[in-house]
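This report concerns a ligand and the pocket around it. Please view the sequence and the structure together before reading on.

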Amino acid sequence: MGLRGACARRHPDYGCPIAMISLFDTKTPLEPLKGAIAAAIANVLEDGRFILGPEVTAFEAEFAAACGSAESVGVANGTDALELALRGVGVGPGDEVVVPSFTFYATAEAVPPTGATPVFCDVDPDTGCITAETVKAVLTPKTKAVVAVDLFGNVAPVPQIEALGVPVVEDAAQAAGATLCDQPAGSLGLASSFSFFPSKNLGAFGDGGAVVTSDPEVAQHVRTLRFHGSKDKKTFDFIGRRNAARFYDDAGIAEHVTPMVAVDGANPAWHLFVVKHPRAEELIAPLREAGVEARGYYRSPVHKQPAMSEWGSGIELPGTDELAKTNLAIPISPVLEAGQAAQVVEALGNAISALP
Ligand SMILES: Cc1ncc(COP(=O)(O)O)c(C=O)c1O
């Protein structure tokens, strides 16, 4: 029987077909929902309101409730959501916004369009998230907000960062469905931003995003700022991803590599399953040969990007540098089976033993 979500390849030695375990499987989880999705799309076509129509309004209410927050405002994508959230909490020209460098580029990219300056802080290389200590090290009187990224589906320690007396905007693009001390990701700061990019925990058929907040003034501000809406369809797959992460634990992954550590109190919704190994990049090719897709994330962290040189040059972020070199994302999806997880772990073990 073929593996779901896998593409057929030839084993280099034997010429027999082997299955590739892909990093993401955005198609199989949708199979059981196809009927409902087609009906919902038909409703939208019939209704004819394609931007900010009743479907978006209904989604906003459901998503706000799922995030344990009063309001959600649908926007075009996660990058717009972050920029609008920052502007919504009052960030503007002359302000500084603290951001991690070990994150997707969009986190920092969202800051300059507000007129503010990104100030990079380090991450804890075990959790991938910023901490109160790394933020404190770069706070100045000009700091207007801190962007706490819930990296790979982990949840940043937002309450501890807020205790420093600075508003936090949570970049929860990768963490729909995660919790910190039983509070949903996205409900922890003054406002939060989500992406519904197809490979995210809650993926749309295209781009989508939302700003979530319980502050009515921020919500109102963001509603007036938004210029694009999006119609979204969704697949809740949080529990499935957690199961997949458990399969890796059961298969003994920690004997070969170091998995990311949950922030204290967090129940992550692993958007990516990331492990660490000092020679991570060298494992990618042998894993591919064994039929396992793997990828390193943010190898060149944001503060080292040419476009950020004005704000990023000459700063030392050792946790970020360590994680940028050692991280390796391995397959995770709601349909990853225990047998596939074991196959990935075995391939990892083999690839590591074969390193010269
Ligand atoms: C942490 C983080 N922030 C922001 C974004 C931007 O989201 P989008 O691609 O929907 O603009 C992403 C998406 O990749 C992300 O991972």
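How do the residues of the lining of the largest pocket divide into nonpolar, polar and charged? In this predicted model, the lining comprises ten nonpolar, eleven polar and four charged residues.

## The largest pocket

The largest pocket holds about 440 Å³ of space. Its lining consists of 25 residues. Those nearest the centre of the pocket are Phe 104, Gln 174, Ser 195, Phe 197 and Lys 200.

Among the secondary-structure elements, H3, H4 and strand S10 (191–195) each contribute at least two residues to this lining. H3 gives the most, with three residues.

## The ligand and its shell

The ligand sits in the largest pocket. Around the ligand there are 13 residues, and those that come nearest are Gly 78, Thr 79, Asp 171, Ser 195 and Lys 200. Ser 195 and Lys 200 are also listed among the lining residues nearest the centre of the largest pocket.

By class, the shell around the ligand has four nonpolar, seven polar and two charged residues. Helix H3 (78–88) and helix H4 (106–109) each supply at least two residues of this shell. Both helices likewise supply at least two residues each to the lining of the largest pocket.

## Polar contacts and burial

A backbone N or O atom of Gly 78 lies 2.7 Å from an oxygen atom of the ligand, and a polar side-chain atom of Lys 200 lies 2.8 Å from an oxygen atom of the ligand. A nitrogen atom of the ligand, in turn, has a polar side-chain atom of Asp 171 at 2.7 Å.

How much of the ligand does the protein bury? Taken alone, the ligand exposes 390 Å², and the protein buries 92% of that area.

Note on methods: Residues numbered from 1 in each chain as written. Predicted model: local features only at pLDDT ≥ 70, side-chain atom pairs only at ≥ 80, totals over all residues. Heavy atoms only, no water. Near = heavy atom within 4 Å. Polar contact = N/O pair within 3.5 Å; in protein donor to acceptor, adjacent residues only side chain to side chain. Areas by Shrake-Rupley, 256 points an atom, 1.4 Å probe, with all protein chains shown as cover. 1 Å grid on protein atoms, 1.4 Å probe; cavity = no way out; pocket = protein on both sides within 12 Å on 5 of 7 lines; lining within 4 Å. Sits in = over half its atoms within 2 Å of the grid points. Helix = DSSP H or I, 4+ residues; strand = E, 2+ residues; numbered from the N terminus. Nonpolar A, V, L, I, M, F, W, Y, C, P; charged D, E, K, R; others polar. Points joined across faces, edges and corners; volume = space filled by probe spheres on them.
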